Amino acid sequence: MDTNSLIDEMYSRYAKALKLYLLTLCGNNELADDITAETFLKAINNIDSFRGGNVLTWLCTIGKNTYFDYLRKKERTNVFPADTEILQTASKEPAPEESLIQKDERIMLYRLLRGLEQDAREVVYLRMFTDLSFKEIGSVLNKSENWARVTFYRSKVKLKGMIENED
């Protein structure tokens, strides 16, 4: 497989999951797009440094570091738009009436997730939208597998309580 094919395959396979993860970090759709593109550029330029393992974990680590580099250079905005378009494309298309209900539920979940601390929000997004294992999530966040498990569990409990308070 030539380099261009490898790059195309890597992008088509991991870009959506990487963008979702970056969106949880930066909370800005355009910025997440920019950092996703920059992450892939860095990954391509440093492909020799990849030591095996999960490609998405490697890309998320590069993306996270790229975002933190951005924060060091720019003032943080803390804007977190309700970008349901990305969440909609992550699932199969249901019937129209189910789509409206699911959209409302996703918007509520997305809003509630904003109420979690950043580490907890990252764990939930990585687990729900990228299918990374707890070990891989711990690796991306420079924490242990057990920390990722406990944080995910506590976040689920907190979200459940927040949902019950909504009703």
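**Helix packing and overall fold**

Helix α2 (residues 29–45) and helix α3 (residues 55–73) pack with their axes 9 Å apart, at an angle of about 120°. Axes are lines fitted to C-alpha atoms, for helices over the stretch in contact, and angles run from 0 to 180 degrees between N-to-C directions. α2 is therefore oblique to α3, given that angles under 35 degrees count as roughly parallel, over 145 as roughly antiparallel, 65 to 115 as roughly perpendicular and the rest as oblique.

This is a predicted model, in which local features need pLDDT of at least 70 and side-chain atom pairs count only at pLDDT 80 or more, while totals for chains, interfaces and linings use all residues. Residues are numbered from 1 along each chain as its sequence is written, and side-chain values use heavy atoms, with hydrogens and water left out.

On the α2 side, L31, I35, E38, T39, F40, K42 and A43 are in contact (heavy atoms within 4.5 Å) with W58, L59, I62, G63, T66, Y67, D69 and Y70 of α3. By class, this contact has nine nonpolar, three polar and three charged residues; Ala, Val, Leu, Ile, Met, Phe, Trp, Tyr, Cys and Pro count as nonpolar, Asp, Glu, Lys and Arg as charged, and the others, Gly among them, as polar.

The protein chain as a whole has eight helices and zero strands, where helices (H or I, at least four residues) and strands (E, at least two) are DSSP runs numbered from the N terminus. Of its 167 residues, 38% are buried, meaning under 20% relative accessible area with a 1.4 Å probe, protein chains only; exposed is over 50%, and partly exposed lies in between. C60 is buried at 0%.
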